[in-house]
Amino acid sequence: MRHDDYEFDEEVEEGELFNVYDILPPDGTILEMATAEEMVRAAELEATHNALERIQDSNFQLSGVTFKELLAEFERYEQESMEFWTGVYSRLRIPWAWTIRIDVANGPIHVVNDRDIFIDEADFEEYDFEEYADDDYEEEDNQ
């Protein structure tokens, strides 16, 4: 099922529940191309996000006035970001619960789920991590 095959304004029978994750496409699925304006705005928001993130990672003291100014900047950024992404989600007609990203260089809007696409969870089933953890613990005790 494609993301645009589902009509979100369909009537749902009483007592029937719909789970937006049931139709979540796999990581990397390209939903549509971003408009030129969306690409520019996404790049601006990403640059602001990266700058604010670097400020957060810095370890310096702030005066009360400076803190209030930074807080206002963070709040302004979050509001602008929310307005932008709400428009994109509405245009694509996809649930807000899905995580998407715009490739600001080339334009595709693609799905980004929370799991790492390069790790196959089935690979971990063949290892007994508890066994390795116990061995490390015993080695530390013997030292």
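The protein chain in this model has 4 helices and 3 strands. It is a predicted model, so please read every value below as computed from predicted coordinates. Reading from the N terminus, the elements follow the order β-α-α-β-β-α-α.

**Overall picture**

- The protein chain counts 143 residues, and buried residues make up 21% of them.
- About 11200 Å² of accessible surface belongs to the protein chain, and carbon and sulfur atoms account for 49% of that area.
- If you take the contacts between residues at least 6 apart in sequence, 64% of them join residues at least 24 apart.

**Aromatic pairs**

- You will find 2 aromatic pairs in the structure.
- One of them joins Phe84 and Trp85 in an edge-to-face arrangement, with 5.0 Å from centre to centre and 75 degrees between the planes.
- Phe84 and Trp85 are both buried.
- Tyr89 and Trp96 also form an aromatic pair, this one tilted, at 4.7 Å centre to centre and with 50 degrees between the planes.
- Tyr89 counts as buried because its relative accessibility is 9%, and the cut-off for buried is under 20%.
- Trp96 has a relative accessible area of 47%, so this residue is classed as partly exposed.

**The largest pocket**

- The largest pocket holds about 420 Å³ of space.
- Its lining is made up of 18 residues, and those nearest the pocket centre are Tyr77, Ser81, Trp85, Ile100 and Arg101.
- Trp85 therefore links the two topics: this residue pairs with Phe84, is buried and lies among the residues nearest the centre of the largest pocket, where buried means under 20% relative accessible area.
- Three elements each give at least two residues to the lining of the largest pocket: helix H1 (36-57), helix H2 (64-92) and strand E2 (100-102).
- H2 supplies the largest share of that lining, with 6 residues.
- By residue class, the lining of the largest pocket has 12 nonpolar, 3 polar and 3 charged residues.

Definitions and conventions:
Residues numbered from 1 in each chain as written. Predicted model: local features only at pLDDT ≥ 70, side-chain atom pairs only at ≥ 80, totals over all residues. Heavy atoms only, no water. Buried < 20%, exposed > 50% of the residue type's maximum accessible area, 1.4 Å probe, protein only. Contact = heavy atoms within 4.5 Å. Areas by Shrake-Rupley, 256 points an atom, 1.4 Å probe, with all protein chains shown as cover. Phe/Tyr/Trp six-rings, centres within 6.5 Å; stacked < 30°, edge-to-face > 60°. 1 Å grid on protein atoms, 1.4 Å probe; cavity = no way out; pocket = protein on both sides within 12 Å on 5 of 7 lines; lining within 4 Å. Points joined across faces, edges and corners; volume = space filled by probe spheres on them. Nonpolar A, V, L, I, M, F, W, Y, C, P; charged D, E, K, R; others polar.
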